[in-house]
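Dear colleague,

A summary of the findings comes after it.

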Amino acid sequence: MSSVKQERGVDLKVLRLIVRRLLQLIPTLAGLSVLLFLWLNRLPGGPTAALLGERATEADRRQIEAALGLDQPVWVQYGRFLRRLAELDLGTSVQTGRPVWEEFTTRFPATVELGLTALLIAVVIGIPLGYLAAARRGTWLDVGAVSGSLLGICIPVFFLAFLLKSVFAVNLGWLPSVGRQSNDINATEVTGFRVLDGILTGEFDASWDAIVHLVLPALALASIPLAIIVRMTRASVLEVLGEDYVRTAESKGLRRQVVRARHVLRNALLPVVTTIGLLTGQLLSGAVLTESVFAFNGIGNFLRTAIDGRDYPVLMGFIMFIALLYVVINLLVDLAYSLIDPRVRVH
Amino acid sequence: MSIARPKAVRTLAAIAAIGVIATGCSSDRDNGGDSGGSGSTGTFVFGAAGDPASLDPSLASDGETFRVTRQVFETLIDHKPGTSELEGGLAETWESNDTGTEWTFNLRDGVTFHDGSDLTGEVVCANFDRWYNWSGTYQNTTLSYYWQTIFGGFANNENDETPEANYVGCTAPDELTAVIEVAQPSANYPGGFSLAAFGIHSGPALEAYAEDDASGEGDAITFPGYSQEAGTVAGTGAFKVDGWNKGNGEVSLSRFDDYWGETAGVEKLVFQTIPEESARRQALQSGDIHGYDLVAPADVKTLSDAGFQVPTRDVFNIFYLGITQDSNPALENLDVRTAIAHALDRQNLVDTQLPEGGVVATQFMPDTVAGYSDNVTTYDYDPELAQQLLADAGEENLTLTFCYPTEVTRPYMPSPADLYEVMRADLEAVGITVQPKALKWNPDYTEVTRDGGCNLYLLGWTGDFNDGYNFLGTWFANYQKEWGFENEELFDLLERASTEPDVEARVALYEEANEFVMDFLPGVPISSSPPSIAFSADVNPPTVSPLTQEVFAEASFK
């Protein structure tokens, strides 16, 4: 009975954590929206100049400012934004003339697909490499992993992207240099996630084509998270290896692999998981550069053009959504934390 | 572990097998699948610098939209391939009355739209009447820039700022004739009828458009739905729109088999958006695309040496150093402006900074435009004379702000920062202190220069069609903050030229205006240079156009 009660207590705690974190979202997003609005209005220029181009007259500008309501005070514009937000309307992109929500949903799957692939590469390679580097400290593998990860952090993403394309697309011709899918692939769109869509519809060639297009941008995007995960895992494993309970487990005669897997890796992973959560959010900002270089039509690429064009509605909508996503990812990380470390659940 | 290992091996083997099978299913990238190859008529992929704004060209004013729509819609008047000379388009011939207020277009027989309907005089009139009767959001310059530029306002102007309409009406006396009447003769005609914005749409398409309005509520103008997806728009061009995949940044066109002229050399034409110039180059080098525009001058030789085709366009642009006279009293002195002109080594600039085919400009229009004068005052590179002129004007310690844009490549100005550096060195060599002001192109730079916020600045213009007013009138027809001067004599001269119906008399007026401008020297014309375009070795590229209006129906695979 007591264990059931305890389980219920834990469930309630988790539920309370989720509700509390979701409620925290309200002031966070409200504050962010005010800051964003003020910041955007402080930017030099405005969407009118971006829209009208180099030969527009003063009259053209006045006309469009009136049409877009940009001649009204900031607080009126902010009120209009909030009113629309309450109606779940993010407005219309100044540059493309299409609803922001439509622009977002068209591009979001591309960024998620790219981000998840990059994260997968970073985690699948980073954790084992970091672990092995720590377990074989001082060997060539350790030195290689440490210096390699330093290089990964130092090389700017756009330069790495350029280099990867030069080698694998231009010189070797193994991989495509731009886009999400080949022009001659007529894939059926279901979810917008190209790899998944190919599997769902049985169009495996479309899936494979999408994977091939993902390789280079994902590698470029994964470089920094991979380097951080390797270093983080290595440091964390080294720390845990020196703990008393590891020595105790080993002295009890447990097999080395069991000690490493159950006691070392599990404990060492705690800070790594937190880092991965933070890196997931950062992947979105990394995507701005990577998507531009690879003409990968995700939200990162679109955000860049929105900044250039002072596309206020897109900037507001996208940044608010990214903030929301960031908070949700962190919540998920906290939940994952409680799965890995039972102490978190109890306390 | 002993159990786990075979499992892992099996998993890896399964992944590898899926990969192999999928590779087998996938098309061979190197052969381009159906995208090229010897004798193929497959898919031609062109790397565009930006997404089109709309599939209806009448709502647009940007080059990337027109690049796509020009393949789908045709205009009454066209340009001879590779030139800026007018020739028959959908109208085989055209003529105007003596006063230049009535334009008669004799249409081609047997022209069908993509939806199967026929081209008639009535359809042409329906197009012009639609633009003339636009109301609400459509009257905003964002959606009707070219209509307002060429034909003035609308049947019912809803805004005081909108110009008076010059369009009066259109009649179709018979099946294959359309007569367009305007209130005043203008230099905009007949060249304006060749603008991509005035591509002719089919009758049924126009009816469908009427159901689907643009809206301007809130903080942006929403394009009407029909202009954002394939299915409704229908022109007479050699290609019809198959799809616009915004997720991929691709517009797909396919060959229109009932085209009245020679059918397109490729079955499919795809415009793929690749914003970064270096990404476009790498995409061409890796075989992902067959061509792209706005090649960086530094890449021209690399690409040519590697076997890519980099044809040279005729020049049809002007790059100039703008001077805002009323931003600094010294600049109102002609001697100071003359000193600036003599201080610049423009030949060196053309030789070192601009692509092959670039020439020093002697006036504010390229020599390919009717109205170019051989008798303008010229200003050779002469730093001593420049110093002397500055000393005579008492401006030995002149300090000027010099604006230049960053993060941008324009057809007439491939690398603004480098161009600025060369000019700065020249100006400082004659004793002018230069205060640089680097601004992001859009919107900061365009806004600051337009508002007269710089003493000196770099800007240029690519002509829309071959008429001198499209160049001179753009800058000097009235007071503009960016130039900061009032000169009624020049304004009157251009007004007379603009309304002169006789072409020869108008050209003479342009020549006179060019001579006047170069004596008055409101700025320094620097150069005319052809923007480069590149194609892969395995294609027969379309004839390159000085107006950057390539017709991709001419393209084929070798």
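The notes below treat chain A and then chain B.

This is a predicted model, in which local features need pLDDT of at least 70 and side-chain atom pairs count only at pLDDT 80 or more, while totals for chains, interfaces and linings use all residues. Residues are numbered from 1 along each chain as its sequence is written, and chains are lettered from A and ligands numbered from 1 in the order in which they are written.

Chain A

Chain A contains 14 helices and 0 strands; helices (H or I, at least four residues) and strands (E, at least two) are DSSP runs, numbered from the N terminus. Of the 347 residues in chain A, 38% are buried, meaning that 20 or more other C-beta atoms, placed from the backbone, lie within 10 Å of the residue's own. Among contacts in chain A with a separation of 6 or more, 72% link residues 24 or more positions apart; a contact requires C-beta atoms, placed from the backbone, within 7 Å.

An unreviewed UniProt entry annotates "transmembrane region" at residues 21-40, 114-133, 140-164, 210-230, 264-284 and 312-333 of chain A. UniProt positions are given in the numbering used here, with feature names shortened, and such annotations may be inferred rather than shown by experiment. Residues 114-133 of chain A are 100% helix and 0% strand, with 27 Å between the end C-alpha atoms. Residues 264-284 of chain A are likewise 100% helix and 0% strand, with their end C-alpha atoms 31 Å apart.

Chain B

Chain B divides into domain 1 (40-72 + 237-313 + 532-557), domain 2 (77-199) and domain 3 (317-528), with bounds from an automatic or database domain assignment. The centres of domain 2 and domain 3 of chain B, taken over C-alpha atoms, are 33 Å apart. Contacts between these two domains of chain B involve 14 residues of domain 2 and 14 residues of domain 3.

Chain B also has an open sheet of 6 strands with mixed pairing, in the order β8-β9-β10-β1-β11-β18; strands pair if DSSP finds at least two bridges between them. β8 (239-245) and β18 (532-535) of chain B are at the edges, each with a single partner strand, so one side of each has no neighbour in the sheet. β8(B) runs antiparallel to β9 (residues 250-255) of chain B, joined by 6 bridges, and Phe239(B) stands opposite Arg255(B) in β9(B).

Yours sincerely

Definitions and conventions. Buried ≥ 20, exposed ≤ 12 C-beta atoms within 10 Å, placed from the backbone.
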